[in-house]
Structures are given as C-alpha cells and as structure tokens.
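Me: I'm new to this structure and would like a close look at one part of it. Could you pick a spot and walk me through what surrounds it?

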Amino acid sequence: MIPFFVQIKCQLGKSYQVASQLADREIASEIYSTAGEFDLLVKFYVEPGTDIGHFVNEKVQIVPGIQDTRTIITFKAF
C-alpha cells in the first residue's frame with residue numbers, strides 16, 4: 001500500500017462535517033484536526049499503481065464543505 005497525506009481547508013464551520021463524511025466513506029486511514037492554513041490532515045493508503053491525483057479528485061474533493069486541498073506524497077529516504 002502507498003501512503004499519502006492530504007491537507008484540507010474547509011468552508012467556515014464545516015470542519016467537523018467534512019471529517020465525519022470522510023470517516024463515513026471509510027477511505028481515510030487517519031483524520032486529524034490541525035491549526036494554521038489548513039483545517040484537517042488526512043492520511044490515505046492506495047494500492048500500488050493507483051493514480052493519486054484521480055483518487056483525490058474523485059473521492060476526496062467531492063466531499064461537500066471542502067474548499068481547498070494540498071496533497072503530500074511521502075517516500076522512504078533511508
């Protein structure tokens with residue numbers, strides 16, 4: 001499985017609803033509330049070969065209440 005993170009900026013007053021919807025869809029491994037420019041940090045896992053851009057576009061950004069996203073792809077350096 002390939003891990004990656006998505007920072008999510010929510011519309012005002014929608015953070016809890018967005019987090020609940022992501023949890024209900026059972027697509028996220030971990031969901032955290034954060035302070036700063038983004039409201040949520042969400043960890044996802046996908047099968048090798050999955051197009052992460054399409055995954056975010058088709059499964060994450062469609063959640064009502066999401067205003068903006070930033071995808072962070074990680075790799076093992078050591």
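Reply:

Lys43 sits in strand E3, which spans residues 40–46; helices (H or I, at least four residues) and strands (E, at least two) are DSSP runs, numbered from the N terminus. Residues are numbered from 1 along each chain as its sequence is written, and the model is a predicted one, where local features need pLDDT of at least 70, side-chain atom pairs count only at pLDDT 80 or more, and totals for chains, interfaces and linings use all residues. Side-chain values use heavy atoms, with hydrogens and water left out.

Is Lys43 buried or exposed? Lys43 is buried, at a relative accessible area of 16%. Here buried means under 20% relative accessible area, exposed over 50%, and partly exposed in between (1.4 Å probe, protein chains only). Leaving aside residues up to four places away in sequence, Lys43 touches Pro3, Phe4, Phe5, Ala28, Ser29 and Glu30, where contact means heavy atoms within 4.5 Å.

Now for the strand itself. Five of the seven residues of E3 are buried, so E3 is largely enclosed by the rest of the structure. E3 pairs with E1 in the antiparallel sense, over seven bridges, and Phe5 is the residue opposite Lys43. Strands count as paired if DSSP finds at least two bridges between them. E3 also runs antiparallel to E2, with four bridges joining the two; Ser33 has Leu40 of E3 as its bridge partner. The hairpin of E2 and E3 has six residues between the strands, and Gly36 there takes a positive phi near 115 degrees.

E3 has a part in the core, too. The largest nonpolar core has 18 residues, and Phe4, Ile8, Val18, Phe44 and Val60 are those with the most contacts inside it. Such a core is a set of buried Ala, Val, Leu, Ile, Met, Phe, Trp, Tyr and Cys residues joined through side-chain atoms within 4.5 Å. At least two of its residues come from each of strand E1 (2–10), helix H1 (15–25), E3 and helix H2 (52–60).

In H1, Val18, Ala19 and Leu22 are buried, and what covers the buried residues of H1 includes E1, strand E2 (30–33), E3 and strand E4 (66–73). In H2, the buried residues are Ile52, Phe55, Val56 and Val60, and they pack against E1, E3 and E4. Val60 touches Phe44, among others including Ile8 and Ile66.
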